[in-house]
Amino acid sequence: MFGTRRRRPQETGPFYKQSRWVQSALFMAFLVVMALVATVSKDGSKEVAADSARTLAGVRGPLSPGDPQHVRTGPGGRPVNCRTDDQDTALPTVAPRDVRWRQLGTVMLPVSPKAGPLNLDPAMWWCYAHTPLGAVLAAHTVPVGTSGADWRTVTEQQVVPGAARDKFVTRKAAAPTTDPDTSSAGRFAGFSVESYAAGRATVGLLLTNPLGGYLSTSVSLRWRDGDWKVALQDDGSLYSAASQAQPNGFVMWGSVTR
């Protein structure tokens, strides 16, 4: 999926109406985030923001900005049905023993009864511990959730709002729907906590490369509205640029246990 880029003539007009797409840094064969190479003007940015607002209009839930459902009445402004043990703030050095693997779409994801996601709703998986491990699990799950049929719900509630999200939403809404090819999909193999503070985290992800070896990338997160949310790259990508990697420095997940 990480093919050689080919040069094409420069296109004009709003970036989301152009055909010039470049594969973003992603790994799970079906979860390819398409990023456009173009400069967005000030007026274009306003148009993109308006398109994004229209696309997400009417999406409301327990993690929506402003708490439209009036459910974040718990400690720390958390939803009433989201309670986690947030005492363990140590950076994980081994994979947690209580993790089980659950399938979301075509991807197997780690789930912990202590660190989350505790609520595996049909539209999105949410409620993570306000801990480094909670951030790790959110970094695995939230981006995958943006690839499914309920991507608008996931994006509105689990992605930090702003210009980067506007780009992602507009691009996603305009992209054709394709069936995932799971025959060459890699899997999550390990993780690292590259940085962590109470309100933000960066999590490194190690994945098996279908062509052999490993690939690594990272996901940035922010603690907002009572849960971890993904903070997109400036260009609207979910992940940083992927590269070949060695397992050194990563906590390995080991075998997938249901």
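There is one disulfide in this structure, where a disulfide counts as a pair of cysteine sulfur atoms within 2.5 Å. Keep in mind that the model is predicted, with local features needing pLDDT of at least 70, side-chain atom pairs counting only at pLDDT 80 or more, and totals for chains, interfaces and linings using all residues. Residues are numbered from 1 along each chain as its sequence is written, and side-chain values use heavy atoms, with hydrogens and water left out.

The bond is made by C82 and C127, whose sulfur atoms sit 2.0 Å apart. The link is right-handed, with 95° about the S-S bond. It ties together distant parts of the chain, as the two cysteines are 45 residues apart.

Helices (H or I, at least four residues) and strands (E, at least two) are DSSP runs, numbered from the N terminus.

Now for strand β10, residues 227-231: five of its five residues are buried, so the strand is largely enclosed by the rest of the structure. D227, K229 and A231 point one way, while W228 and V230 point the other way.

Its partner is β9 (residues 214-224), which runs antiparallel to β10 and is joined to it by five bridges; strands pair if DSSP finds at least two bridges between them.

Terms used. Buried < 20%, exposed > 50% of the residue type's maximum accessible area, 1.4 Å probe, protein only.
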